[in-house]
Amino acid sequence: MTSHISLIGVPTDIGAGARGASMGPEALRVAGLAAVLESHGLQVADRGNLSGPSNPWLPPAEGYRHLPEVVAWNNALHAAVHDELALGRLPIVLGGDHCLGIGSISAVARHCRESGKRLRVLWLDAHADFNTATLTPSGNIHGMPVAVLCGHGPAALTGIGGQTPAIAPEVVRQIGIRSVDAGEKRFVHQAGLEVFDMRYIDEMGMRHTMETALTGLDDDTHLHVSFDVDFLDPEIAPGVGTTVPGGPTYREAQLCMEMIADTGRLASLDVMELNPALDVRNRTAELAVDLIESLFGKSTLMRKK
Ligand SMILES: [Mn+2]
């Protein structure tokens, strides 16, 4: 893993159903993200925030809310992430709502094609984010990024990065899922996504879940983590727009992050949906930073490596 990290702020809530995720990047900075990473010997360059259209807060048009604006933000993010990867750096995307996974992961996939790497995406989320315009009543595009990346959605989004679909469903492992719409559920099964939902984690434990989700990685694998903060139980992480009870506890989330760190394969990261307007004294941002620290190798255990 490279020790050169680039922070990319993407201050928008353009794909969300609640305002406020646009303040996520600054809350993560205020919670000390750069300093925490530097304390582990990493070199951190904060690239500042991308800019893009403001949020017009309109109802859906032909099944999508704010599609032109979502396209603009994701094109900008795609270019920024691809540039950092081309420089051999590890981009951390500070969202912003999860529609930005489209720009980020399409860039990672393009980089993998260009560099001959295999891709594995871990999607940590309460939601499958596999909706389409016909399946979702809200039209909020933050519920659609995985479907778009797999080629289902408007061409202006599915084509970002020059290949449709940007990724195959087989590269994705979804973890922590506990809220899926009925039509979306059928579509997830049809597409063949591998989902480790909360029932699975309850029955099998986080250790077995992560061992299974991480099997088959090798030296040529680029591991991307898309971390939606609503993955976490709302008792510990209230600062998100779409809380769902029954998520991973603090210890389960730490174990998840530590086992990813143990692979040594992490090569890009999204931190999405943090909503400071709904947070309590920035505690969700501080928790996110704490977990990111584990993702980059802080061990809370006494065990010798
Ligand atoms: Mn999400």
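**Close-up views of the predicted model**

**Figure 1. The largest nonpolar core and leucine 28.** Among the 94 residues that make up the largest nonpolar core, Leu28, Val271 and Ala288 touch the most other members. The element that gives the most to this core is helix H3 (residues 67-86), which supplies 8 residues. Once neighbours within four places in sequence are set aside, the contacts of leucine 28 are Leu33, Leu94, Val271, Leu274, Ala285, Ala288 and Val289. This and the following views show a predicted model.

**Figure 2. Overview of the chain.** The chain contains 10 helices and 8 strands. Its radius of gyration is 17 Å, close to the 19 Å that the globule rule gives for 305 residues, and the chain is therefore as compact as a globular protein of that length. The C-alpha trace spans about 55 × 45 × 40 Å along its principal axes. Of the 305 residues, 53% count as buried. Where contacts join residues at least 6 apart in sequence, 76% of them link residues at least 24 apart.

**Figure 3. Strand E3 and its two partner strands.** Strand E3 (residues 90-95) is largely enclosed by the rest of the structure, because 6 of its 6 residues are buried. Both of its faces are covered: one side carries Leu90, Ile92 and Leu94, the other Pro91, Val93 and Gly95, and all of these are buried. Strand E1 (residues 4-10) runs parallel to E3 and is joined to it by 6 bridges; in this pairing, glycine 9 stands opposite leucine 94 of E3. Strand E8 (residues 266-272) also runs parallel to E3, with 3 bridges joining the two. Here isoleucine 92 is placed opposite leucine 269 of E8.

**Figure 4. The bend in helix H8.** Helix H8 (residues 198-213) has 16 residues, yet its end C-alpha atoms are only 14 Å apart, short of the 22 Å that a straight helix would reach at 1.5 Å a residue. A bend of about 110 degrees occurs in H8 at glycine 205. The buried residues of H8 are Ile201, Met206, Thr209, Met210 and Ala213. Their cover includes strand E4 (118-124), strand E5 (172-177), strand E6 (194-197) and helix H9 (250-263).

Figure 5. The 13 residues of helix H10 (residues 283-295) should span 18 Å at 1.5 Å a residue, and the end C-alpha atoms are 18 Å apart, which agrees. Buried positions in H10 are Thr284, Ala285, Leu287, Ala288, Val289, Leu291, Ile292, Glu293 and Leu295. The elements covering them include helix H1 (24-30), helix H2 (33-38), strand E7 (221-228), H9 and E8. Ala285, Ala288 and Val289 of this group are also among the contacts of leucine 28. Just after H10, glycine 297 adopts a positive phi of about 110 degrees.

**Figure 6. Aspartate 125 in its loop.** Aspartate 125 belongs to the loop between E4 and helix H5 (145-149). When neighbours within four places in sequence are left aside, the residues in contact with aspartate 125 are Gln174, Gly176, Ile177, Asp228, Asp230 and Phe231. Glycine 139 lies 14 residues from aspartate 125 in sequence, and the two are 19 Å apart in space, C-alpha to C-alpha.

Technical notes:
Residues are numbered from 1 along each chain as its sequence is written. This is a predicted model: local features need pLDDT of at least 70, side-chain atom pairs count only at pLDDT 80 or more; totals for chains, interfaces and linings use all residues. A residue is buried if 20 or more other C-beta atoms lie within 10 Å of its own, exposed if 12 or fewer, and partly exposed in between; C-beta atoms are placed from the backbone. Helices (H or I, at least four residues) and strands (E, at least two) are DSSP runs, numbered from the N terminus. Two strands pair if DSSP finds at least two bridges between them. A nonpolar core is a set of buried Ala, Val, Leu, Ile, Met, Phe, Trp, Tyr and Cys residues joined through C-beta atoms within 7 Å. Two residues are in contact if their C-beta atoms, placed from the backbone, lie within 7 Å. The expected span of a helix is 1.5 Å times one less than its number of residues. The bend at a residue is the angle between axes fitted to the seven residues ending there and the seven starting there. The radius of gyration is taken over C-alpha atoms; the globule rule is 2.2 Å times the number of residues to the power 0.38.
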